[in-house]
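Hi there,

Have a look at it first, and then read on.

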Amino acid sequence: MNVFEQVADFCHDNLLGDTETLSYLKDRRGLSDGTLAKFKVGLFPKDGMRSLFKRVEAKALREYGVIRNASSSAFKVWNLVMPILDVRGQAIALAGRTLLNEAERAKRGIPKYMNTVYPKTHHLYGLNFAKREIAQKGKAYVVEGYFDVMSAHQHGLSNVVACCGVAFSRRQLSLLARYAPKDRRSVV
């Protein structure tokens, strides 16, 4: 299990013990327990990282950009944590989404999302879950973000992936083309 998978597992376990954040995800975002588990949505520890260090070595966390030092991590502000998986389902990065409201984000000058470094234009969020359905239907729906993919999958639309940003690269298109039969390809 790699560092990103270890952090995702830890954060998912942490989320399950936090009723306030679970309520936000279930009641306001409409996500089920099954969807939260499938996509391993987690919560970065709010009060110190000692519990994380018991599961993942601090040196590895620093090396992979999850923490800066023993008491500092960007993920403290981007509380929700989701693993970014490659097409084989291996965690290659972490994405974080802050729970701060728009006014608080503007005051602090931070974006809603951030992630550890990975070649974003080479991957599509959710492709590991969507590839079979894309192959069967010959069609893929490309959306912008993580929660768009989660909601679609939860409601039975399993051929949905996200580019996780405003740009959709040729490489991402090429990646999708591998899974759709040539005679039935379409990207919506």
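Let me start with the strands: E2 and E3 (residues 91-97) pair in the antiparallel sense over 6 bridges. Two strands are said to pair if DSSP finds at least two bridges between them. Helices (H or I, at least four residues) and strands (E, at least two) are DSSP runs, numbered from the N terminus.

Before going further, a word on the source: this is a predicted model, in which local features need pLDDT of at least 70 and side-chain atom pairs count only at pLDDT 80 or more, while totals for chains, interfaces and linings use all residues. Residues are numbered from 1 along each chain as its sequence is written, and side-chain values use heavy atoms, with hydrogens and water left out.

**The strands**

How many residues of E2 (residues 80-85) are buried? The count is 6 of 6, where buried means under 20% relative accessible area, exposed over 50%, and partly exposed in between (1.4 Å probe, protein chains only). In a regular strand the side chains alternate between the two faces of the sheet. In E2, Leu 80, Met 82 and Ile 84 point one way, whereas Val 81, Pro 83 and Leu 85 point the other way, and all are buried.

**Helix H1**

H1 (residues 3-16) has 14 residues and reaches 20 Å from its first C-alpha to its last, close to the 20 Å expected at 1.5 Å a residue; the expected span is 1.5 Å times one less than the number of residues. Of the 14 residues, 10 are buried, among them Val 3, Phe 4, Phe 10 and Leu 15. At the start of the helix, a side-chain oxygen of Asn 2 comes to within 2.9 Å of the backbone nitrogen of Phe 4.

**Salt bridges**

There are 5 salt bridges in the structure, each being a side-chain nitrogen of Lys or Arg within 4 Å of a carboxyl oxygen of Asp or Glu.

Asp 9 is buried, at 17% relative accessible area, whereas Lys 40 is partly exposed at 29%.

Since Asp 13 is in helix H1 and Arg 55 in helix H4 (residues 50-55), the pair ties together parts that are 42 residues apart in sequence. Asp 13 is partly exposed at 43% relative accessibility, and Arg 55 is partly exposed at 41%.

Lys 137 forms a salt bridge with Glu 133, with the closest N and O atoms 2.9 Å apart. These two residues are 4 residues apart in helix H7 (residues 127-137), about one helical turn. Glu 133 is buried at 19% relative accessible area, while Lys 137 is partly exposed at 41%.

Best wishes

Conventions. Polar contact = N/O pair within 3.5 Å; in protein donor to acceptor, adjacent residues only side chain to side chain.
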